[in-house]
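Welcome, and thanks for taking a look at this one. Below is a short briefing to read alongside the sequence and the coordinates.

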Amino acid sequence: MDVIFWIATNVFGTPAILLGAIVLLGLILQKKTVSQIVSGTAKAVIGFLIIGAGAGVIVNALNVFEPMWKEVFGLEAESLGQFIGQESFNAKYGSAVTLAMLIGFLINVLLARLTKFKYIYLTGHMMFWTSTVFAGVVIHVAGDVSFWKLVLFLSIVLGLYWTFQPALTQPIMRRVTGNDHIALGHTSASVALIGGLLGKVLGNRENDSEKLRVPKGFEFLRDSNVVTAISMGVLFLVGAIVVSLKGTPGAQQLIEKAGSQNFIIYSIVQSLTFAGGIAVVLMGVRMFIGELVPAFNGIATKIVPGARPALDCPVTYPFAPNAVILGFIGAFVGALIWLVVLGNTVAYIFVPTMIVLFFHGATAGVFGNATGGTRGALLGGFATSTVVAWGQFVMVKFLITSTIPDTAMWAADSDMFILGPVIALLAKILF
Amino acid sequence: MKMLCVCGLGQGTSLILRMNVEQACKELGISAEVDHTDVSSASGTPADYILTGNELAQSLQGHPAKMIIIDNYFDMGEIKAKLKQYFS
């Protein structure tokens with residue numbers, strides 16, 4: 001019994017070790033060399049631990065951003081409140097999330113083998129974020145659920161989602177790519193479908209966005225670090241200038257945080273710190289997902305030969321590069337509108353997270369273009385900002401408030417926002 | 001020899017490319033260490049070859065590595081053909 005207890009606490013209870021064990025097993029099964037096995041396992045574990053460190057940096061910057069924009073809108077300043085936070089959440093529930101990812105994937109493979117839905121979800125980083133955010137919702141709604149109940153619930157939900165999401169988007173995907181070889185496996189599926197629908201109803205397919213001549217010089221949009229830094233930089237700057245001009249006590253309090261440093265310079269540094277924190281988290285995710293996905297792929301190709309891989313959303317971009325830009329423009333303009341509307345109506349400070357707005361807006365743009373040309377692409381982008389802005393508000397305020405609202409503010413996205421209330425309802429009924 | 005597969009975010013797409021490049025190298029008998037990353041990190045990462053799309057290759061001008069432009073990250077035929085140009 002002691003041995004079982006020891007394994008339960010030290011392997012299953014320590015997420016980094018559990019992940020290392022899974023990756024180690026995966027690398028051995030792939031018959032990798034000893035040096036590949038050692039370096040792969042080490043990278044996966046380090047990557048997982050890096051996520052927590054980067055998450056802390058992001059929270060610090062958000063703790064400046066939120067009160068600043070509350071002051072801009074003249075709202076009552078309140079801190080983000082009491083919550084577990086990504087770093088502690090990973091430590092406590094990371095094992096359940098890791099196992100749910102693994103078992104959820106195996107359910108996906110099994111369903112692909114047994115049903116006519118032959119899609120294998122291979123977008124590892126989105127698997128991680130979806131599992132994490134859904135776990136955050138369950139724990140917020142149902143409290144401290146027992147380990148295996150949480151794993152079982154998440155695995156089934158995720159297994160079903162990863163199988164049927166690619167199936168739902170495939171009809172338009174076929175039109176986008178012109179073949180049936182690859183599928184979309186990404187949390188932008190809901191906004192992509194909305195974009196496709198809006199394009200169909202309101203767009204004009206004849207007016208294809210690829211007939212447009214988009215000026216060159218948008219290459220920097222492909223670099224997520226740059227886009228995050230610039231956009232958050234501008235928002236922090238505008239916020240800082242407005243706060244500096246306001247003489248209110250709240251504004252004074254904020255400015256004091258900068259100490260002897262100029263408040264505007266301080267704010268710009270905060271915005272770049274925010275971008276830096278995201279870069280750190282993404283590096284951590286890259287390190288461990290990079291070891292996990294090849295193993296997943298190996299399992300899938302053995303069990304379900306000939307299944308379609310469901311892949312990350314940029315697979316659609318080469319098929320309509322102009323629609324990518326139009327979708328992003330629609331999403332960006334929409335995000336600024338919703339930032340002001342949400343601040344003034346429901347007193348929520350929307351964090352217009354550029355990674356989500358870019359990748360989701362672009363995918364919705366490509367889908368909107370496929371059914372409704374230029375207008376479809378722009379509408380798809382705008383619909384994305386609507387889902388992301390209102391979804392973030394509902395999730396942060398009601399569905400994930402006590403667990404990981406810090407993560408929900410920048411990493412949660414369209415499908416998670418659409419499915420969040422369903423997860424919450426199921427968790428309420430079942431636990 | 002080190003090959004670096006690059007996409008904008010360095011998360012999903014470059015990883016898929018990496019898996020396909022690893023597969024192609026295996027079939028062609030090329031022995032290489034293949035890694036994947038985002039475009040910002042790539043500019044400071046030493047490598048012998050960088051495999052990426054046309055737009056990102058422009059952002060990586062000045063990198064000492066040889067650029068191999070891949071139009072379709074999922075086309076094993078294209079990846080193999082381009083690798084053959086450099087290793088035959």
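How many of the 19 residues of α5(A) are buried? The answer is 18, so this helix is largely enclosed by the rest of the structure. Please keep in mind that the model is predicted.

**Helix α5 of chain A**
- The end C-alpha atoms of α5(A) are 27 Å apart, which agrees with the 27 Å that its 19 residues should span at 1.5 Å a residue.
- Gly143(A) follows α5(A) and has a positive phi, near 80°.

**Where chain A meets chain B**
- Chain A brings 24 residues to the contact, and chain B brings 22 residues.
- On the side of chain A that touches chain B, α5 (124-142), α8 (224-245) and α10 (263-303) of chain A supply at least two residues each.
- The largest share of that side, eight residues, belongs to α10(A).
- Sorted by class, the side of chain A that touches chain B consists of twelve nonpolar, seven polar and five charged residues.

**The sheet in chain B**
- Chain B holds an open sheet of four strands, ordered β2-β1-β3-β4, with parallel pairing.
- At the edges sit β2 (33-38) and β4 (66-69) of chain B, each pairing on one side only.
- From one strand to the next, the twist averages 25°.
- Four bridges join β3 (residues 49-52) of chain B to β4(B) in the parallel sense.
- Within this pair, Leu51(B) stands opposite Ile68(B), and Ile50(B) stands opposite Met67(B).
- To get from β3(B) to β4(B), the chain passes through helix α3 (residues 54-59) of chain B, in a right-handed β-α-β crossover.
- As background, the strands of a sheet pair through backbone hydrogen bonds, either parallel or antiparallel.

**Two positive phi angles in chain A**
- Most residues other than glycine have a negative phi.
- Lys31(A) is not a glycine, yet its phi is positive, at about 55°.
- Lys31(A) lies in the loop between α2 (15-29) and α3 (34-72) of chain A, and it counts as exposed because it has 9 C-beta neighbours inside 10 Å.
- Ala347(A), also not a glycine, has a positive phi of about 55°.
- The loop between α11 (321-345) and α12 (354-399) of chain A is the place of Ala347(A).
- Is Ala347(A) exposed or buried, or in between? With 15 C-beta neighbours inside 10 Å, Ala347(A) counts as partly exposed.

Technical notes:
Residues are numbered from 1 along each chain as its sequence is written. Chains are lettered from A and ligands numbered from 1 in the order in which they are written. This is a predicted model: local features need pLDDT of at least 70, side-chain atom pairs count only at pLDDT 80 or more; totals for chains, interfaces and linings use all residues. Two residues are in contact if their C-beta atoms, placed from the backbone, lie within 7 Å. Ala, Val, Leu, Ile, Met, Phe, Trp, Tyr, Cys and Pro count as nonpolar, Asp, Glu, Lys and Arg as charged, and the others, Gly among them, as polar. Two strands pair if DSSP finds at least two bridges between them. Axes are lines fitted to C-alpha atoms, for helices over the stretch in contact, and angles run from 0 to 180 degrees between N-to-C directions. A crossover is right-handed if, with the strands pointing away from the viewer, the path from the first strand over the helix to the second runs clockwise. The expected span of a helix is 1.5 Å times one less than its number of residues. A residue is buried if 20 or more other C-beta atoms lie within 10 Å of its own, exposed if 12 or fewer, and partly exposed in between; C-beta atoms are placed from the backbone.
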